[in-house]
Structures are given as C-alpha cells and as structure tokens.
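Good morning, and thank you for coming.

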Amino acid sequence: AIAAAKKMSGRWCRSAVCAAVVVGAAGLVTQGASRRGAVAQRAVAEPVATATELATIRGVAACEILDSRGNPTVEVEVTTPMGVFRASVPSGASTGVHEAVELRDGGARYLGKGVLNAVKNVNEVLGPAVMGKDATEQRAVDELMIELDGSANKGTLGANAILGVSLAVAKAGAAARGLPLYRHFADLAGNAEPLVLPVPAFNVINGGSHAGNKLAFQEYFIIPDGAETFSEAMQIGAEVYHRLKGVIKAEFGGDATLIGDEGGFAPPCDARSGLDLLMTAIEKAGHSGKCSVGLDVAASEFKVPGEDCYDLGTFYPDDERDDPALKKTADELAAFYDELRRDFPIVTIEDAFDQDDWAAWSAFTPRVSDTLQTVGDDITVTNPSRIRRAIDETACNALLLKVNQIGSVTESIDAVVLAKQAGWGIMCSHRSGETEDDYIADLAVGLCTGEIKTGAPCRGERTAKYNQLIRIEEELAGNTVYVGPGFRTPNWMA
C-alpha cells in the first residue's frame, strides 16, 4: 500500500477524487472523514496485502447532490482498502431521444427532477451487487450492472445510477494499480501509444437550449489549434474570451454579457453574426492565425417535426418568428453551412442535422469530409449500435463522447474504439449540467481523443476540467505533446 501511494507522487488523490488516505503504523489504510464515514471506516479498517485486496470493493453509497444548474444529480462513493473514491454524474439540457435513461423521480419535489430513486437503486441494488468485486476489473463490474438493469436503455435502474458507480469504480481501480486516472483509462482501452493533450473547443457564445436569447445554433467555439502547448491554448482561449466580452458589450450593451449554462455569453445575435463576433475577438486578442472556430448547431432542437424544415426562428420573439428566410430545408441548411465555411475558418460542425435525419447527414458528410469534421452527438449518443449505422451510412466522421449518454465507462470506451477504427475524430464532452468532478480531463488524455469541449474558460465546474488538463500536462512534461491541428487523428487510432 505504501509503495502504491508513493508511486502516485502525491497526485492520485486528485485523479481519484478520494478522501485523504494515509497508511497507519500498523499497516492499515485509514482515511479522513466521509459523508458516509461510518460505513467507510468499517470497510477499510482491515489489514491489506495483495494488489487484489487493495482493489476489493468494500463499500458503496450514493446520495443526491446539485449540479451546476441547480438540479439534483447522483453522487456515488466507492470504498476500497485504498480509501473513498467519489464520482458525480452530469446531466444535459439538449438531450437526444436515443440517450440512455436518466432516472428522475417526477412529482412536485425539485419540479420532478429529483433522483432519490436512482440513489436508492445504487444503495439497495447496484452497491450490494458489486461488493467484493475487483475495482480494476472495470468491464466485469459494468457488465454486471447492465445485466442487473436488464433493459435496452438502462431504464430500470437508471443510467445515472449505473454511471455513478462505474466512474467511482474506475477511480478506485486506478488507485489500486498505483496509476493516475488517465493512465488507467488508457490501459482499459488498450492504448499503449504516447499520450497527447487535446485541443480545447471553448464554447464562448451560447444559444438554443443553453441560453435565453434568440440564437438557434447552440454553441460557438474558439479552437486554438495553432497553439504550441495546451497551456498556451488555455491562455489564448481566456484572452479571446475576455476580448469577446468587450466586443459584445460595445455592440449590444452590458446585459448581453451575462453568461449561459456553460459559461459562454448569450448576445442577441443571429447565426452569422455570432461568427463575426468570434473573429473580431480573436483579432483584438492578437491571436489571428492561431484559432479556428466551430459550431454545435444542435439542429434537433429546431427541427420541425414531420417536415423537411429547420426553423432558425424557433427561439425568436413571437413577432419575429414568421420570417420565411428563417425556415430552411435540409438542403438549404447544408448550403448555409457551405456559405459560412467559405467566410469563416470553421473546422468542425456538431449535430448539423436532426438526430433521425439520416439522409441529410449522409448527403452532407461525404461531400465535406476532407476539410470539415462533422460530429455526431444526438445521432450517435455514444452508443455503439448507432455508431455502426453512422459508419455504414457515412453519416458523420467524428463522435462526441458523453459517458452519461450510454451510462458506463466500458461502453464509452467501446464506442471510442469503434469510432477510431473507422478513422473518426473524437471530441470528449461535458454536459450543460455539470459538477466539480473532472474525470473527463483524464478520459480525454487516456483515450487520446484529440479534442475536448467543456465550456468557456469560466465557471468553476468548467475550469475544473481545464485545470486538471494543465496539471496533467505538467506531470507529463517531456512525455506528451499538444495535438494541435492534428486533432482529428491523434496518436492512438485503435
């Protein structure tokens, strides 16, 4: 136990998000106070010897906490002889209909968004089932929980319940092996290649379901792919972000600099002028030539049901919504993207079409694939079966990795491997309802995703992920590179 703790060089408590763990004089692993300390103390007050014993799950407990939007979510603590390992589950606002089920309680409490049933499922079903299991055997633990749920979309026990346990187990497994979480993720995926730091896609202008403005497109990205290091990319992103605030204030007034769910600004602009604002801010910050830009259109949010119509006026005031120019067929929307690409350095577009508009996706992606990344989110939902269909139909050429869309670490890794084997890019992603948990930073490095989006360089639940990447870059100094313009095809392509 002492050797394992020393091997982590003082960093594993950050990686595993555990309580303070020390080795006592009698060779026992002890810990600081936990919210569920009585259970945890009983679980760890035994001698430890072998690696298997260090990884043995001795306790599982869940509770309801709040996410960054003030909505309840699930937090899970897994106890092993190495300590207490905590994970919390994010939640999306713009969610695809094909995502795994996020179990909510309904009723009046928290406006129906409570998660006490999911918490109960952890404490009474999943926890007892994984007790005594080896936390380093991630696939076995995840498959057991999936089998217990028994449904196609985790609707019985809840993907939020299963994922909370899965993530906490991953952190416990990393600590038991004496590894940082990113290296443990790499090993789980079979990634033996040198690790790379991802290019951050900073969502600095919010629209759609993430803001209260009239902008249909949900996210506008600053992408510092011309930086030399991740730290420089962070500097560029932060400087452009602050310049953007001044640009927006000068054009629309101070109220327009209020921030959305993911830390971006929400000015009353339209689809094209949002890109104009980005380019002005990049120039004023002195970073022209070092930044590309991108979009998360989230087209499912403004697709008119049953019609070949995408209504860019969906979020407009009632008296402005009926402008015929705002109504576009799939072909017209594709032509609009072409127009924007001619005028701006757009390198990635996410969710360009509706989650079930396969024909539009398959008509667009092959035509633009050489110069544009077309990212599947709502259409793929980190689900291997939908990814296979997207590969077969050439619907997109990149995957948005959101672990809570599928509900376990193992299935998320399987989705990444499948996408990489098809030559796809991978963008690791947060959700709009986030917590302080920074595991996706380690996931992006361990799986060599090449890209990460986790909001603007603002709001603690967003900067927690970016700050973890800065720490990882420092720890791997000389043994990693910033992937830069090669973000679509980093070292490890499975």
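How are α9 and α17 oriented to each other, roughly parallel or roughly antiparallel? This is a predicted model, in which local features need pLDDT of at least 70, side-chain atom pairs count only at pLDDT 80 or more, and totals for chains, interfaces and linings use all residues. Residues are numbered from 1 along each chain as its sequence is written, and side-chain values use heavy atoms, with hydrogens and water left out.

Helix α9 (residues 230–252) packs against helix α17 (residues 460–475) at an angle of about 150°, the axes being 9 Å apart. Here, axes are lines fitted to C-alpha atoms, for helices over the stretch in contact, and angles run from 0 to 180 degrees between N-to-C directions. The two helices, α9 and α17, are therefore roughly antiparallel (angles over 145 degrees). Phe230, Ser231 and Met234 of α9 meet Tyr466, Leu469, Ile470 and Glu473 of α17 (contact: heavy atoms within 4.5 Å).

I turn now to the sheet. Nine strands form an open sheet with mixed pairing, in the order β7-β17-β16-β15-β14-β13-β10-β9-β8; strands pair if DSSP finds at least two bridges between them. Helices (H or I, at least four residues) and strands (E, at least two) are DSSP runs, numbered from the N terminus. Because β7 (199–200) and β8 (202–206) stand at the edges with a single partner strand each, one side of each has no neighbour in the sheet.

Within the sheet, β15 (residues 398–401) runs parallel to β16 (residues 425–429), joined by four bridges, and Leu401 has Cys428 as its bridge partner.

Methods:
Angles under 35 degrees count as roughly parallel, over 145 as roughly antiparallel, 65 to 115 as roughly perpendicular and the rest as oblique.
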